[in-house]
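Please examine the sequence and the three-dimensional structure shown below. The report that follows describes selected parts of the structure in turn.

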2 protein chains.
Amino acid sequence: MADLDSVLACLDLNLDRSVGRLSDLLRIPSISTDPAYAAECQRAAEYLAGDLAAIGFQAAVRETPGHPMVVAHHDGPEGAPHVLFYGHYDVQPVDPIEEWTSPPFEPEIHEMSDGSRRIVARGSADDKGQLMTFVEACRAFKAETGGLPCKVTIFLEGEEESGSPSLVPFLEANKAELSADVALVCDTNMWDRQTPAISTGLRGLVGEEVVIKAANRDLHSGYYGGAARNPIHVLTTILGEMHDADGRVTIPGFYDGVGEVPEEVLKSWEDLGLSEAEFLGSVGLKTPAGEKGRTVLEQTWSRPTAEVNGISGGYTGKGFKTVIPAEAFAKVSFRLVFDQDPDKIRAAFRKFVEDRLPDDCTVEFHPHGGSGAIQLPFDSPWLEKTRAALSDEWPKPAVMIGMGGSIPVVGEFKSRLGMESLLVGFGLGDDAIHSPNEKYEMTSFQKGQRSWARILAALGR
Amino acid sequence: MADLDSVLACLDLNLDRSVGRLSDLLRIPSISTDPAYAAECQRAAEYLAGDLAAIGFQAAVRETPGHPMVVAHHDGPEGAPHVLFYGHYDVQPVDPIEEWTSPPFEPEIHEMSDGSRRIVARGSADDKGQLMTFVEACRAFKAETGGLPCKVTIFLEGEEESGSPSLVPFLEANKAELSADVALVCDTNMWDRQTPAISTGLRGLVGEEVVIKAANRDLHSGYYGGAARNPIHVLTTILGEMHDADGRVTIPGFYDGVGEVPEEVLKSWEDLGLSEAEFLGSVGLKTPAGEKGRTVLEQTWSRPTAEVNGISGGYTGKGFKTVIPAEAFAKVSFRLVFDQDPDKIRAAFRKFVEDRLPDDCTVEFHPHGGSGAIQLPFDSPWLEKTRAALSDEWPKPAVMIGMGGSIPVVGEFKSRLGMESLLVGFGLGDDAIHSPNEKYEMTSFQKGQRSWARILAALGR
C-alpha cells in the first residue's frame, strides 16, 4: 500500500504534465473515416508507441491494410496476472465545425461556473483522454516502483470510429500475443459524476430481414381486393403476434438461456434511483413499453428484445394508390442477453414466421449479423477486485451496470481469444462524444488515472 | 317489333359505313392528358357534335376550363322515358409506340385465323368504338322510323383518361339539363364473347392514412430497446387485428348496411363457371384470401374489404440500422358495398385505432376520398328490360355482375343528379385498352349497335 500511495501522489503531482501529454495527442487530427487524414492516424500511432517506449514498454506500430495498431508489452511480477488494455486513438469527424466554440484540434481547458474544469477537443473523451488515464497510471508505477503490478499489454486501435475492418484479421493473426487473462476496456461511462461503473453485461444482436411475397405482380385492389392475399396483412399479422399483452416475446424458445440478475445487483440498480420519468422523459415518453414488472434498467440492460427496425410495402408516396403489393418486408433485430444462442434465436424467428405463413405466400430471410451477449459472471474475482478499487477512489461505491448496445471488440475478445473484458470508463453522459465541443472532465482524467493505479494494484495482489 | 326488325336490318346493311365513321373518329388523336393534343380533343368533340346534328340531335360542343363536353338532345314519344347516354371521346397516350404493329391512329381491320375481325387503333374499345355503338343505333332508328323510342340525351366527356377535372362542375352547372330517368354508361366489358353483362354493383372507396408517433426522435434500439414504445409494433399490432381468422373485418359496425345478393343472382354467378384457379391463377395465386365461405366473385363484387395499400416506418434501405423510429404510417383503404356509409366507416376505423393506442403514442389520420357503393336495385324495371333485350341479341343470356373497382362518373350521376346508371358495354378482357394494339371486336361493334337498338326499343315500350 505504501507503493500505491506514492503512485497516487505522483499522479497528482504530475497532473499538469499529463494534461500536456494528452493535449499533444489531441492536437493530432486522427480522423479514421476520412482518407485525407490517414497520415495523421499514422502520426497518432507513432506518438503513442513512442510514449509507451519512453515509459519502458516494448512498443511498436503494427501495420494493417487500414490504419495501424499500437501494441506494447511490459512484464509483471512472477505469478501476477496478464492484463490487456484496449483503447482507440482514432476520432470522429468534426462536422458541424461551425458549432464548436473552440477549434476541435486545439485543446483548451475550460473552467465552468461551478469550479469544474474540462478539456475541450475532439477525442478528449472518445477515446484519447480515457486511454491516457491508463497510460499515465503505468507511467507513475514505473516512476515510483520501477515496474508494474501486472504483466500489461496495451492494444490501441485506429479504426474504431470507422467500423474496425482490420480488427478481426489482426486478432486472428496475433492470437497468442494478444491473449491475456482479462481485458480492460476503457471506452465507457461512469454512472454519474460521483459513481464509477463497471459494465458487466452487453446485449448481443441478431438481425433478420424478412420478405413476404404473394402475387406475381402488384394488383389493383378494386379487381382483386377481397380475394387476393395481401403480403402487408400477412406481415403485420405475424409481427403483431410477436409480443403478448405483457410485452413478452412470444417466439417459442426465445427465453431459453436468459438468466436472472442476482437480487443484490437488482437492488444496486434500484439504489441508482433512476426514475422511468427521467430515463424516458428526455425522448418524450413516460411509460416503459417492454416486459411488465421489470424496471427500465432491467428492460434495457438484462432483458432480450425483438424489435422491428424498419417495415415497408406497397405505395408509400404522396396521396393514394389502391394497390395490393406483390411483397412487403421488415427488418427485425433481437437484442440478446446471457446465454441466448444467436443461431437458435434466428431459427426460432424463422419458424415463427413460417408457422404463420398462409397459403399463396412465400418468405425469404436475409440474415444480418449475429453475436451473443457478453455477461461477466457476477462472481468473477476480477470484477470484485476492480469494484473495490473503484469504490476506494470515488465518493460513491462502484456499480455493476448493463449496456443495451454492443461494443464489438468485447465480443471479438470473447469469441476469438476466449478473454473476458472488464469495461471501466470515466466518461459522462454530457461529454458530447461524436458531437461539437466534445469534452472530458478534469476529474475524469485525474481520478481515472488514480482509479487505474488502484485497479492494477488490486489485480496484481 | 316491325320497327325494331327494320332498324336491326338497317344496322347490318350499313355496317361498313359505320366502320368508316368510327375510323374517321379514331384518326383524331384526342389524347386528353397531353396538352399538345388539346386541339385534337376539340376536333373530336366537333366531329361528334356534327355527326349527332346530322342524325337530328340538337348537339353542341360545350366549353369547359379543360377539354369540351358534347351534349346532344333528341325528343322521344309522349310518355317515353328520358335516358342519358354517357361515353368519352378522349383516349390514352400510345406509349410504348414501338410495340404497336400498326400506327395507333391509322385504324386497320385485322382478320384473325379463327375468322374473327377486329378494329385496331387507340380508342377503338376505350371508348370511341363503344360510344359509336349507341350513336349508330340512334342513326338507324331515325333512318327507319324518323324518331327515337325514348327521349335521349347524349353526354360525351373529353377528360375521362385524365381525371375528369371538369366533370363535377359541369354536372353541377347543368343539373336540370342532364338529369334523366336513367343513365346508360357504355365503358365496360362483356362477361365473355358469348355473354353480355350488366354491371349492377360498383364498390365504393374510403382511404385513410394513419400515422402513429411515439418518441420525439428516432432512438437507438440498444439504449432504448425494451423500454421505449416502437410505433411500428403499435401499427402492426393494430393492423394485424383488423381481420379475424375467417377473413372478416373486425372493426365494430363495419358490416352495417352490407346487403346480401339475392339467391338467383348468386346462382347466375355460379353458372358463370369461373374457377378460383382461373381468377387467381393468372396472378400467381390459388387460394381466396378473403371471407371464408364466399366465392371469389362475391369477395370482389359484393363484399367489403379493408386493405393496407402501403406501410412504412424506420429504416428501409440496404443493410440494417438498429433504430426505434419516432413514427410509422400506413395507407388503408376500404372497398364499400350496398349501403355502407363512407363517413361511418372512416369514423369506425379511427375509433378502432384509437381504442388500441397504447400509452406514449399519438395518432394522426389523413382522409383520402370517400364514396359509397353503387348498387342498382336487383328488381329495377330498367334492369329487367335491358337484360331481356341483351339476352335476345347474344348467344347466352345476359348476366348481372359486380365490379370491384369504381367508375367515378356513375357515383357523380347518383350523388349529384340522383340518377341510377345501367352499365352495359361490349368490350372484352383482351381488348388491350391502355396498352399497345388496342382493338375492338367487329362482333362487339356490330352486335353492340344491335343491342342498343333492342335496349332503346325495350325501354321505350
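Which residue of β18(B) is the bridge partner of I119(B)? The partner is Y440(B). The structure is a predicted model, in which local features need pLDDT of at least 70, side-chain atom pairs count only at pLDDT 80 or more, and totals for chains, interfaces and linings use all residues. Residues are numbered from 1 along each chain as its sequence is written, and chains are lettered from A and ligands numbered from 1 in the order in which they are written.

**A sheet in chain B**

Strands of a sheet pair through backbone hydrogen bonds, in either a parallel or an antiparallel manner. In chain B, an open sheet is formed by three strands in the order β4-β5-β18, with antiparallel pairing. Strands (E, at least two residues) and helices (H or I, at least four) are DSSP runs, numbered from the N terminus; two strands pair if DSSP finds at least two bridges between them. Between β5(B) and β18(B) there are three bridges. The edge strands, β4 and β18 of chain B, each pair on one side only. From one strand to the next, the twist averages 30°.

| Strand of chain B | Residues |
|---|---|
| β4(B) | 108-111 |
| β5(B) | 117-120 |
| β18(B) | 439-441 |

Helix α15 (residues 442-460) of chain B packs on this sheet and touches β5 and β18 of chain B. Contact between two residues requires that their C-beta atoms, placed from the backbone, lie within 7 Å. The direction of α15(B) makes about 55° with that of β18(B); axes are lines fitted to C-alpha atoms, for helices over the stretch in contact, and angles run from 0 to 180 degrees between N-to-C directions.

**Where the chains meet**

The contact between the chains takes 67 residues from chain A and 67 residues from chain B. On the side of chain B that touches chain A, β11(B) supplies the largest share, nine residues. Strand β11 (residues 305-314) of chain A runs antiparallel to β11(B), joined by five bridges. S312(A) has S312(B) as its bridge partner.

**Two helices in chain A**

Two packed helices are described by the angle between their axes and the distance between the axes. The axes of α4 (residues 124-145) and α15 (residues 442-460) of chain A come within 8 Å and cross at roughly 55°. α4(A) is therefore oblique to α15(A) (angles under 35 degrees count as roughly parallel, over 145 as roughly antiparallel, 65 to 115 as roughly perpendicular and the rest as oblique). Residues making the contact include F134(A) of α4(A) and W452(A) of α15(A).
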